[in-house]
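Here's a quick tour of ring contacts and helix packing. Have the sequence and the model open as you read.

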Amino acid sequence: MTDPQPAPIRIAIVDDHPMVAQGLRTILESYDDIEVIASLSSGEAIIERVEALQPDVILLDLNMPGIGGLSTAEIILERRPETRILILSMHDSPEYITSALSHGAVGYVLKDVPTEEIKHAIDAVMTGQRYLCTGAKGSLEPYQRPGREQLTNREQTILLQLAQGKSNKDVAHTLDISVRTVETHRKNIKRKLGISSTAGLTRYALEHGVLQGGTMARL
């Protein structure tokens, strides 16, 4: 009697560029042990459907309209912590990579890697490993700023939302928290960064690779 085949790895692709998403889907569907269960074009779409889809791994772009990749990763992991987030991005700066990892991603792969490396990354994160492609490893540095108190994951998420021009009310609605909580986080962010204006927050986010949304050129 032959042993039953293990269930295929359930993959959801989240990328707002149809050609990229279709290319990934074609590559992944060539593997017998992978099932692509969804290809979505926004953070909002995967957040809405993640509990119904129950993906093992989400291949997630960072730069998307609406909710960017960092906020998407954080919200998904709050709702379904067992999901493995694997970032696919063109950005190889340490700030982008460390921000993604601090928001719960377990892997970071640049979009120009050979196609078989994406499969290696999926296999690695499915066994509980963290996976960084060679280019990401070479760029990764400790994300520390001497003498400055570090932002929490939640503060980084709120900084992202504010830097995209959203109001306190908009942020509260997106993250399902109270406006008063957003206001408190906003004060703490400004204090920690030594910034007094919203324009200053936006500039900081842009300069440090935090701004992952529609206000930056999307890849």
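Predicted model: local features only at pLDDT ≥ 70, side-chain atom pairs only at ≥ 80, totals over all residues.

The charged end of Lys119 sits over the ring of Tyr31, 5.2 Å from the ring centre; to count, NZ of Lys or CZ of Arg must be within 6 Å of the ring centre and within 35 degrees of the ring normal.

Residues are numbered from 1 along each chain as its sequence is written, and side-chain values use heavy atoms, with hydrogens and water left out.

Now for the helices (DSSP runs of H or I, at least four residues, numbered from the N terminus). Axes are lines fitted to C-alpha atoms over the stretch in contact, and angles run from 0 to 180 degrees between N-to-C directions.

| Helix pair | Axis distance | Angle |
|---|---|---|
| α8 (residues 168-175) and α9 (residues 179-193) | within 8 Å | roughly 110 degrees |
| α7 (residues 153-163) and α9 | 10 Å | about 95 degrees |
| α2 (residues 43-53) and α3 (residues 69-79) | within 10 Å | roughly 10 degrees |

Take α7 and α9, packed at about 95 degrees. That makes α7 roughly perpendicular to α9, a label for angles of 65 to 115 degrees. On the α7 side, the contact (heavy atoms within 4.5 Å) uses Arg154, Glu155, Ile158, Leu159 and Leu162. Val182, His185, Arg186, Asn188, Ile189, Lys192 and Leu193 come from α9. By class, that's 6 nonpolar, 2 polar and 4 charged residues; Ala, Val, Leu, Ile, Met, Phe, Trp, Tyr, Cys and Pro count as nonpolar, Asp, Glu, Lys and Arg as charged, and the others, Gly among them, as polar.

Helix α9 also meets α8: Asn168, Lys169, Val171 and Ala172 in α8 touch Val179, Val182, Glu183 and Arg186 in α9. This contact splits into 4 nonpolar, 1 polar and 3 charged residues.

What about α2 and α3? With axes crossing at roughly 10 degrees, they are therefore roughly parallel to each other, the label for angles under 35 degrees. Here Gly43, Ile46, Ile47, Val50 and Glu51 of α2 meet Thr72, Ile75, Ile76 and Arg79 of α3, giving 5 nonpolar, 2 polar and 2 charged residues.

Terms used
Helix = DSSP H or I, 4+ residues; strand = E, 2+ residues; numbered from the N terminus. Parallel < 35°, antiparallel > 145°, perpendicular 65-115°, else oblique.
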